[in-house]
Amino acid sequence: MIVADQKPIEDIRKMLKGKKKVLAIGCGTCVAVCFAGGKREVGVLSSAVRMATELEGEPVQIDETIVQRQCEKEFIEHLGDQLGEYDAVLSLGCGVGVQTLADQFPGTRILPGLNTKFMGGPTEQGVWEERCQGCGNCLLEYTGGICPISRCAKQLMNGPCGGTDEGGRCEVDPDTPCAWFNIWERMDALDIQDQLMEIQPPKDWSTSRDGGRRKIVRKDLQKPKLDEGS
Amino acid sequence: MNQTPLKSNSRLERILAAGQFAVTGEIGPPKSHDAGVIREKCSQLKTYVDAANITDNQTGIVRMSSIAAGILIRNEGLEPVIQMTCRDRNRLAMQSDILGAAAHGIKNILCLSGDHQSFGNHPGAKNVHDLDSMQLIRMFQEMRDNSQFQCGEEIKGGGPPLFIGAAANPFADPVALRPLRLKKKAVAGADFIQTQLIYDMDRFREYMKKAVDLGVTESVSVLAGVGPLKAAGMARYMRNNVPGMSVPDHIIERMEGAVKGISNDDKKARMQASRAEGIRICIEQIEEIKEIEGIAGVHIMAIEWEAAVKPIVEGAGLYPRPEVEN
């Protein structure tokens, strides 16, 4: 899932400076599951902003709503009727949600209430960790199911650097295990450690962000265009 | 002597090909454009080492370019080993820089992942890591041997004559993987290896035994990293904070013992006694290293203490450095 974190309240207040009436829109999917932009978080954040702006003598009216998926047009279209009365929308969706709103409602100022962090999942209660960078060319086959692109600070593809602390911690952050230490342990346990001797060639990053804006077109799923007949 | 044609004809390669025990040193460029700093450090190392590494923005701190500093020492008569990290450059820049370096007559290159930028003075920088050190070794090897750019395109006029090095940290976790990783670097195309600083000779002998058994030393010259300790505190700090750094208690005890009986107030005398002991330990370690099977030389890291190189090389019976035919 996409994991996000709420922006500091000071940043949000700065964004809302001068606005009289704002609609805060949460999202019921990824960011609800990671407790950043679900119904409850929209409520808590809105109350905090109301109180703070009232104390400052420049109260902002914040109304609250939530959609099931902010990243799909079908789920947000219905909001169009009410947006005219607001100075801005504060999206508590991920970056995709913010942009879907912006695409759909070009006449409305859409502001981000979250910092979108990564694709990952919970590893223990209250902890989420990155697991994928969407490089577009999955190499988990070669690395024992552990991704060095997202989990190694240097994105190494052929083994650990010299900076693995005793016990297999990454020197960049001692709270983080070295991805290559984990890869080694796992491949050793599976008795496929010989595969690590194969030299992984330079990665083709053109399928990653480096190749430019990415999109997937599935012709089999596309609606036939009217002028094409049939 | 075998007649295999040399790959780069660098002095370091010729020394090793002649079966001589090689000695390399290290120079950290300044955080400025002051060429005088490089020349001063160079004067301390010249004639005592066969070649000197020039670090590449080590610990992620911006310094004078390693290639530019390498040209400076080359002009002073000291052969450089250019360090190149994967942190700051993509494959275009790396190939372009190595062609430029070769055009200036630079031959030795050391391929590194690079310290993470979070340790340096621009922690907000974007790191590159387009290639890793293994892929960098292989890319340079293919440039040299196949006259090919990484994309497969031909390098017209032939590839650059390089002597390709890599680093090894024998005691970093996972320890069982380290000899295999050394082998992988040999397979990728490394001609020589310089190790992380070694203080634990027993563990290093075990590591080298594994390397020899894996056949690594048949194709690669391993230079053991050594460095003089300045003080017991430095030894403890390295043991506790540097990944893979194994500093045995007896070394720390010797460094502590060196200042026993000298008044705490006499800082100068304590420093001198401490440093003299650091140099003695380093010399003894080189003597031990000479006896280890598969070792082709030492890499002396005396960063910001270049003056220590002379007494170490002399003390270890490695001076004068041999002359090798060009």
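Starting with a term: I count two strands as paired if DSSP finds at least two bridges between them. Helices (H or I, at least four residues) and strands (E, at least two) are DSSP runs, numbered from the N terminus.

Ground rules: this is a predicted model, so local features need pLDDT of at least 70 and side-chain atom pairs count only at pLDDT 80 or more, while totals for chains, interfaces and linings use all residues. Residues are numbered from 1 along each chain as its sequence is written, chains are lettered from A and ligands numbered from 1 in the order in which they are written, and side-chain values use heavy atoms, with hydrogens and water left out.

**Entry 1: strands 1, 6 and 7 of chain A**

I looked up strand 1 (residues 2-6) of chain A and found it antiparallel to strand 6 (residues 114-124) of chain A, with five bridges joining them. A:I2 sits opposite A:M119 in strand 6 of chain A. Strand 6 of chain A also pairs with strand 7 (residues 127-132) of chain A, again antiparallel and over five bridges. There I noted A:W128 of strand 7 as the bridge partner of A:P122. Strands 6 and 7 of chain A make a hairpin with two residues between them, and A:G126 in the turn has a positive phi of about 85°.

**Entry 2: the open sheet of chain A**

Which order do the three strands of the open sheet in chain A take? I read 8-9-10, with antiparallel pairing. Strands 8 and 10 of chain A are the edges, each pairing on one side only. Strand 9 (residues 169-170) of chain A meets strand 10 of chain A over two bridges, and A:R169 stands opposite A:P177.

**Entry 3: helix 8 of chain A**

I call a residue buried under 20% relative accessible area, exposed over 50% and partly exposed in between (1.4 Å probe, protein chains only). The buried residues of helix 8 of chain A include A:W180, A:F181 and A:W184. What do the buried residues of this helix pack against? In chain A I get helix 7 (148-151), strand 8 and strand 10 (173-177), together with helix 6 (178-188) of chain B. After helix 8 of chain A comes A:D191, with a positive phi near 60°.

**Entry 4: chain A against chain B**

With contact taken as heavy atoms within 4.5 Å, 30 residues of chain A are in contact with 33 residues of chain B. Buried area is the accessible area (1.4 Å probe) that two parts lose on being put together, summed over both. Here I get about 2500 Å², 59% of it from carbon and sulfur atoms. Strand 8 (164-165) and helix 8 (179-189) of chain A are the elements that give two or more residues to the chain A side. That side divides into 14 nonpolar, nine polar and seven charged residues. For these classes, Ala, Val, Leu, Ile, Met, Phe, Trp, Tyr, Cys and Pro count as nonpolar, Asp, Glu, Lys and Arg as charged, and the others, Gly among them, as polar.

**Entry 5: inside chain B**

Strand 4 (residues 108-112) of chain B has five of its five residues buried. B:N108, B:L110 and B:L112 point one way, B:I109 and B:C111 the other. Strand 3 (residues 80-85) of chain B runs parallel to strand 4 of chain B over five bridges, with B:I82 opposite B:I109.

B:Q285 is buried, at a relative accessible area of 3%. Leaving out residues up to four places away in sequence, B:Q285 touches B:I198, B:Y199, B:M201 and B:I251.
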